[in-house]
Amino acid sequence: MKMGKGIIFTVAMVVICLGGKGVAGHQHHVVGADRGWDPTSDLVSWSSGRVFRVGDQIWLAYSVAQGLVAELKSKEEYEACDVRNPIKMYTEGLHSIPLESEGMRYFVSTQPQNCKNGLKLHIEVLPQGQGITDNKYSTLSDFQAAAPTTPSASTRYAQSTVLSLSVLFFLIIYLAY
């Protein structure tokens, strides 16, 4: 269990250090925020108000001992927690899943009781640039303040130094586990 929390912590810190944004402003969404993919997470509340677009990524961090994560094809399979014919199984406890096309995506716990108790997530992936643009819940802004849009050279230098030191700090903490 300690290892699972360490992985979740490390993923959250790396994504925070990266500013919650990837290449060309794409978002990195850590599913369940600081709790990760866990039976105690309220994934409905976590996902409500978030905007997922083509090019974004979702990060799954979970304890394999509590079950795997299955991606399903249909709303019917999702609602029934039917994992007999998944599109993909996530089995290693940590995954970055690129959102490469528009449409609905369905993820569920392979543990029937966890799935029936709400450990499942469905998201609608919108085209790039479509949807709510000023949404404080669409990124990791619940973890950090927004960065300036056009930083000066000294700000960029300071940010890269802070980023480097932050990554080093979190790596040391992670290795200390």
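Modeller: Start with a charge and a ring: the charged end of Lys 120 sits over the ring of Tyr 78, 4.8 Å from the ring centre.

Biologist: What makes that charge count as sitting "over" the ring of Tyr 78?

Modeller: The label needs NZ of Lys or CZ of Arg within 6 Å of the ring centre and within 35 degrees of the ring normal. Lys 120, at 4.8 Å, is within that distance and is listed as sitting over the ring of Tyr 78. The model is predicted, and local features need pLDDT of at least 70, side-chain atom pairs pLDDT 80 or more, while totals for chains, interfaces and linings use all residues. Residues are numbered from 1 along each chain as its sequence is written, and side-chain values use heavy atoms, with hydrogens and water left out.

Biologist: How many helices and strands does the protein have?

Modeller: There are 5 helices and 8 strands. Both are DSSP runs numbered from the N terminus, helices being H or I with at least four residues and strands E with at least two. From the N terminus on, the order is α-β-α-β-β-β-α-β-β-β-α-β-α.

Biologist: Why are Cys 81 and Cys 115 called a disulfide?

Modeller: A disulfide is a pair of cysteine sulfur atoms within 2.5 Å. The sulfurs of Cys 81 and Cys 115 are 2.1 Å apart, so the pair qualifies. The structure holds 1 disulfide. The angle about its S-S bond is -85 degrees, and the link is left-handed. It connects distant parts of the chain, 34 residues apart: Cys 81 is in the loop between helix H3 (75–80) and strand E5 (88–90), and Cys 115 is in helix H4 (residues 112–116).

Biologist: Are these cysteines buried or exposed, and what are the values for Cys 81 and Cys 115?

Modeller: Buried means under 20% relative accessible area, exposed over 50%, and partly exposed in between, with a 1.4 Å probe and protein chains only. Cys 81 has 13% and therefore counts as buried. Cys 115, at 0%, is also buried. In the protein, buried residues make up 41% of the 177 residues.

Biologist: What is listed about the phi of Cys 81?

Modeller: Phi of Cys 81 is positive, about 55 degrees, although Cys 81 is not a glycine. Most residues other than glycine have a negative phi. Ala 33 also has a positive phi, near 55 degrees. Ala 33 lies in the loop between strand E1 (28–30) and H2, and its 10% relative accessibility makes it buried.

Biologist: How many aromatic pairs are there, and why is the one of Trp 46 and Phe 52 called as it is?

Modeller: Rings of Phe, Tyr and Trp (its six-membered ring) pair if their centres lie within 6.5 Å; planes under 30 degrees apart are stacked, over 60 edge-to-face, and the rest tilted. The count comes to 3 pairs. Trp 46 and Phe 52 have ring centres 6.1 Å apart and planes at 50 degrees, so this pair is tilted. Both residues are buried. The rings of Tyr 78 and Tyr 106 have centres 5.4 Å apart and planes at 45 degrees, so that pair is tilted too. Tyr 78 lies in H3 and Tyr 106 in strand E7 (residues 103–109), so the pair ties together parts 28 residues apart in sequence.

Biologist: Which residues touch the most other members of the largest nonpolar core?

Modeller: They are Val 31, Trp 37, Ile 58 and Leu 60, in a core of 19 residues. Helix H2 (43–47), strand E3 (57–61) and strand E8 (120–126) each give two or more residues to this core. E8 gives the most, with 3 residues. A second, separate core of 7 residues includes Ala 70, Tyr 78, Cys 81 and Tyr 106. A nonpolar core is a set of buried Ala, Val, Leu, Ile, Met, Phe, Trp, Tyr and Cys residues joined through side-chain atoms within 4.5 Å.

Biologist: How do you know which strands pair with E8, and how many bridges join E2 to E8?

Modeller: Two strands pair if DSSP finds at least two bridges between them. Strand E2 (residues 52–53) is joined to E8 by 2 bridges, so E2 and E8 pair, and they run parallel. E7 and E8 pair in the antiparallel sense over 6 bridges. Val 125 of E8 is the bridge partner of Phe 52 and also of Gly 103.
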